[in-house]
Amino acid sequence: MDRGRDLYNDNCGICHGFSALGGGVIPDLRYLDEQGHQAFPAIVAGLYADKGMPSFAGDLSLEQVEAIHQYLIKRSGDLRRELQSAP
């Protein structure tokens, strides 16, 4: 998880919010739906480049992308638990 967190903060946090805490206008990746999870490697590789999402193809290995993805899954679970325990 530490590696995924560090990779996320170094590569994604500036736009999507550090520690995966939503960046405002840019999508909060803790809310990725099933389609987003399935397409995650392609998104990171440039699937949405025409919509402003930079491509990290050549910058991040598949293992690094998967570490980031696993970190986001963890942060999504953290958010779910926080919301369930809120009064």
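Asp28 is located in the loop that joins helix 2 (13-16) to helix 3 (34-47); helices here are DSSP runs of H or I with at least four residues, numbered from the N terminus. The model is predicted, so local features need pLDDT of at least 70 and side-chain atom pairs count only at pLDDT 80 or more, while totals for chains, interfaces and linings use all residues. Residues are numbered from 1 along each chain as its sequence is written, and side-chain values use heavy atoms, with hydrogens and water left out.

Beyond its neighbours within four places in sequence, Asp28 is in contact (heavy atoms within 4.5 Å) with Ala20, Leu21 and Gly22. A polar atom of the Asp28 side chain lies 3.4 Å from the backbone nitrogen of Gly22.

The largest nonpolar core has 17 residues, of which Tyr8, Phe40, Val44, Leu60, Ile68 and Leu72 touch the most other members. Such a core is a set of buried Ala, Val, Leu, Ile, Met, Phe, Trp, Tyr and Cys residues joined through side-chain atoms within 4.5 Å, where buried means under 20% relative accessible area with a 1.4 Å probe, protein chains only. At least two residues of this core come from each of helix 1 (2-11), helix 3 and helix 4 (62-85), and helix 4 supplies the largest share, 5 residues. Apart from neighbours within four places in sequence, Phe40 is in contact with Leu32, Val65, Ile68, His69 and Leu72.

The buried residues of helix 4 include Gln64, His69, Arg75 and Asp78. Helix 1 and helix 3 are among the elements that cover the buried residues of helix 4.

Note on methods: Polar contact = N/O pair within 3.5 Å; in protein donor to acceptor, adjacent residues only side chain to side chain. Buried < 20%, exposed > 50% of the residue type's maximum accessible area, 1.4 Å probe, protein only.
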